Amino acid sequence: MVSQNAEARGSSGVNGPSKEIAKLPENDKQAMALGYRADAKLVDITKFKRGEGQSCQNCQLYSGSPGDEWGPCAIFSYRIDPILHKNYVVSAKGWCKSWGPIASG
């Protein structure tokens with residue numbers, strides 16, 4: 001029997017594992033502590049210093065593939081969504097105060 005939460009998230013359990021990704025919630029305790037927002041344009045710049053053009057997709061901690069909307073972050077990816085049982089991913093257009101530039105080779 002599939003739980004109501006799993007059904008609400010789109011996993012019927014009948015056709016194999018859900019293709020839904022585990023998006024890091026902005027209201028997650030650690031995400032809030034780091035000022036994470038799924039859209040960098042919505043970061044409260046009175047609280048967090050965010051430079052122009054900074055986003056998860058150009059951060060050294062992000063390991064998503066170019067063009068992906070969501071991808072793993074070294075800070076959050078070890079954490080598991082309790083319903084989907086998948087590692088959390090962050091928005092490529094997101095931002096948090098741990099942002100750091102990608103080292104150039």
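Two residues are in contact when they have heavy atoms within 4.5 Å of each other. Keep that in mind, everyone, and let's look at Phe-76. Leaving out residues up to four places away in sequence, Phe-76 touches Leu-24, Gln-30, Ala-31, Leu-34, Tyr-88 and Val-90.

A word on what we have here. This is a predicted model, where local features need pLDDT of at least 70 and side-chain atom pairs count only at pLDDT 80 or more, while totals for chains, interfaces and linings use all residues. Residues are numbered from 1 along each chain as its sequence is written, and side-chain values use heavy atoms, with hydrogens and water left out.

Now the layout. The chain has 2 helices and 3 strands, in the order α-β-α-β-β along the sequence. Helices (H or I, at least four residues) and strands (E, at least two) are DSSP runs, numbered from the N terminus.

How confident is the predictor? pLDDT, its confidence in each residue, runs from 0 to 100, and the chain averages 86. Strand β3 (residues 88-91) is highest, at 98, and helix α1 (residues 4-8) is lowest, at a mean of 42. Over residues 1-13 the pLDDT is below 50, and this stretch has 15 contacts in the model beyond near neighbours in sequence.

Back to Phe-76, and inside. The largest nonpolar core has 15 residues, and Phe-76 is among those touching the most other members, with Leu-24, Tyr-36, Ile-75 and Val-90. Such a core is a set of buried (under 20% relative accessible area, 1.4 Å probe, protein chains only) Ala, Val, Leu, Ile, Met, Phe, Trp, Tyr and Cys residues joined through side-chain atoms within 4.5 Å.

Key. pLDDT is the predictor's confidence in each residue, from 0 to 100. Buried means under 20% relative accessible area, exposed over 50%, partly exposed in between (1.4 Å probe, protein chains only).
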